[in-house]
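Have the viewer open as you read.

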Amino acid sequence: EFSYEHGSLAGDPDPTDFRWHLLSLDLDRGIMNINLNGSYAWNDADGEKLQVRGQGARFYGYVFDDVGFSFNFIDYRESGNAINIAKTHTPDAGIILTRQTVNSIEYNTTEAQLTWQTGEFRFSIEKMQNVWGFGKNGPVILSRKAPSYPQVKMRVPLASWLDFIYVHADLNSNVLDSARSYRANSSDIIDFFRPVYRTKYMAAHAVEFTIVDGLDVSLGESVIYSDKGVQLIYVLPLMFFKSGEHYNRDTDNIQWFGSIDVTLIPNLNFYFSMLIDEINTDDLLRPGSSRNQLGYTAGVHAYDLPVQNVEVILEYTRLNPWAYTHKYPAATFTNNGYDLGHWVGQNGDDLYAEVMYQPMRTLKVSGFYEHYRKGGLKDVALQYSLPSQPFLYGPLHEERMLGLSASYQFVRDGFFNGRFRSRKISDESLPSLNRTLPEVSLSITYGIW
């Protein structure tokens, strides 16, 4: 990927190793690479068909030695009779519609980043997703489920074994501010209603440290706050956010989180991530008087055991009732209506197992099993009442999936993907969904990172 630049920086006037791009431009002490994106996917689930087309462009590079930049835009169109507009019961990223017809929807995604680095200090202003925590099937702390959001971020390696990260993000609350919304004119033909939504922000910071080689730990804290504009108390990277919540008279939403990554045994990776929305340690073992609103993921990833080029993943995620939610709608742990954490959401769990084999560099095949359960969501007042609602209280939605998948890289950045799975669905609130679906998916992508 970077051999051309390495050669240039080493003084080679005509580097021999060249990485193909649609267009490469030499900049002042830097370079910019420009490429296209393209994808097409087809899915058939027992006659319910879906086609997804995407196209766009991306560029990335750096200039003046210490200023980096990247941009990635993709415009999507979905058509068919199996469109999942809300992206429920799936790890697929949430969307913001730009157009909708009877059997099609359109939307786009844009990520952009401008980074400045001086010494080891790195600062960026960007529209990106954050992925904090571990999980092959999605992390519980911050994930790619919600659409990307604008933010400022800094990362500071304080020592060879210690990193500090801080983020302040501007989120969309999707909560209408009726006092500020208005009708734009007095037209009798079209009601030009101008909606104004309540402001919403997130601040998060974390430390990542290595205890010994092969044992890495991260600890952090986040806050969702709204309705007040940017609060300086949460712009302070070293502020204890829980204390800041008390300063704001407990009107905000605090989360604590942590992860452990263990690679002490060769070819084995154990990982664990937890997000705590609310917990009472005094009543931890007394369900009748505790409100333990938390989520966690625990997993193991084995490499080359017992066969070379074979990987095995076993992972379990659980989110207790009311995790991510809040009594104030504009302070929930969401962006644009999608959870910032794991796609399962509150009152659900997911068991995931996968065996992957890579017989050659360009081909990967796998078999997988997944058991996903999602409970109900009652009146939010019950979140603050005792006893807490039992885990997986109904109505219950349950899915069991067993399948095979393959990915073949026919050219660099170009992939053919195929998947077959049997999906058994059971839903207490919508018995019409109860069935077993054979699903076939095929896709081709080029240049989409």
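β2 and strand β24 (residues 435-446) run antiparallel and pair over 8 bridges; two strands count as paired if DSSP finds at least two bridges between them. One of the contacts is Ala 45, whose bridge partner in β24 is Glu 439. Strands here are DSSP runs (E, at least two residues), helices are H or I runs of at least four, and both are numbered from the N terminus. This is a predicted model, so to speak in its own terms: local features need pLDDT of at least 70, side-chain atom pairs count only at pLDDT 80 or more, and totals for chains, interfaces and linings use all residues. Residues are numbered from 1 along each chain as its sequence is written, and side-chain values use heavy atoms, with hydrogens and water left out.

Strand β1 (residues 23-27) is joined to β2 (residues 30-45) by 5 bridges, and the two run antiparallel. Leu 25 has Met 32 in β2 as its bridge partner, while Asp 26 has Ile 31. β1 and β2 make a hairpin with 2 residues between them, and Arg 29 in that turn has a positive phi of about 55°.

β2 also pairs with β3, again antiparallel, through 15 bridges. Tyr 40 stands opposite Arg 53 in β3. The β2 and β3 hairpin has 2 residues between the strands, and Asp 46 takes a positive phi near 55° there. As a general point, side chains in a regular strand alternate between the two faces of the sheet.

Leu 50 lies in strand β3. Is Leu 50 buried or exposed? Leu 50 counts as buried because its relative accessibility is 16%, where buried means under 20% relative accessible area, exposed means over 50%, and partly exposed is in between (1.4 Å probe, protein chains only).

Now for the rings. The whole structure has 14 aromatic pairs. Rings of Phe, Tyr and Trp (its six-membered ring) pair if their centres lie within 6.5 Å; planes under 30 degrees apart are stacked, over 60 edge-to-face, and the rest tilted. Phe 59 and Phe 69 form a tilted pair, at 6.2 Å centre to centre with 55° between the planes. That pair links Phe 59 in strand β3 (residues 48-63) to Phe 69 in strand β4 (residues 67-80), 10 residues apart. Phe 59 is partly exposed, at 30% relative accessible area, whereas Phe 69 counts as buried at 17%. Elsewhere, ring pairs link Tyr 201, Tyr 225, Tyr 234 and Phe 241 into a cluster.

Two charges sit over rings as well, a label that needs NZ of Lys or CZ of Arg within 6 Å of the ring centre and within 35 degrees of the ring normal.

| Charged residue | Ring | Distance from ring centre |
|---|---|---|
| Arg 318 | Phe 391 | 3.8 Å |
| Lys 327 | Tyr 384 | 5.4 Å |

What about the backbone? A cis peptide bond joins Leu 386 and Pro 387, with omega about -5°, and Pro 387 sits in the loop between β21 and β22 (397-411). The bond from Gly 394 to Pro 395 is cis too, with omega near 0°; Pro 395 is in the loop between β21 and β22.

Asn 309 is not a glycine, yet its phi is positive at about 70°. Asn 309 is found in the loop between β16 (293-303) and β17 (310-319), and counts as partly exposed at 40% relative accessibility. Asn 336 also has a positive phi, near 55°. Its place is the loop between β18 (334-335) and β19, and Asn 336 counts as buried at 14% relative accessibility.Last stop, the second largest pocket, which holds about 490 Å³ of space. Of the 25 residues that line the second largest pocket, the closest to its centre are Asp 339, Val 344, Gly 345, Gln 346 and Lys 374. β19 (338-339) and β21 (363-374) are the elements that give two or more residues to this lining. By class, the lining has 8 nonpolar, 13 polar and 4 charged residues; Ala, Val, Leu, Ile, Met, Phe, Trp, Tyr, Cys and Pro count as nonpolar, Asp, Glu, Lys and Arg as charged, and the others, Gly among them, as polar. A pocket is an open set of points on a 1 Å grid over the protein atoms alone, where a 1.4 Å probe fits, with protein on both sides within 12 Å along at least five of seven lines; lining residues have an atom within 4 Å of a point. Grid points are joined across faces, edges and corners, and the volume is the space filled by probe spheres set on the points.
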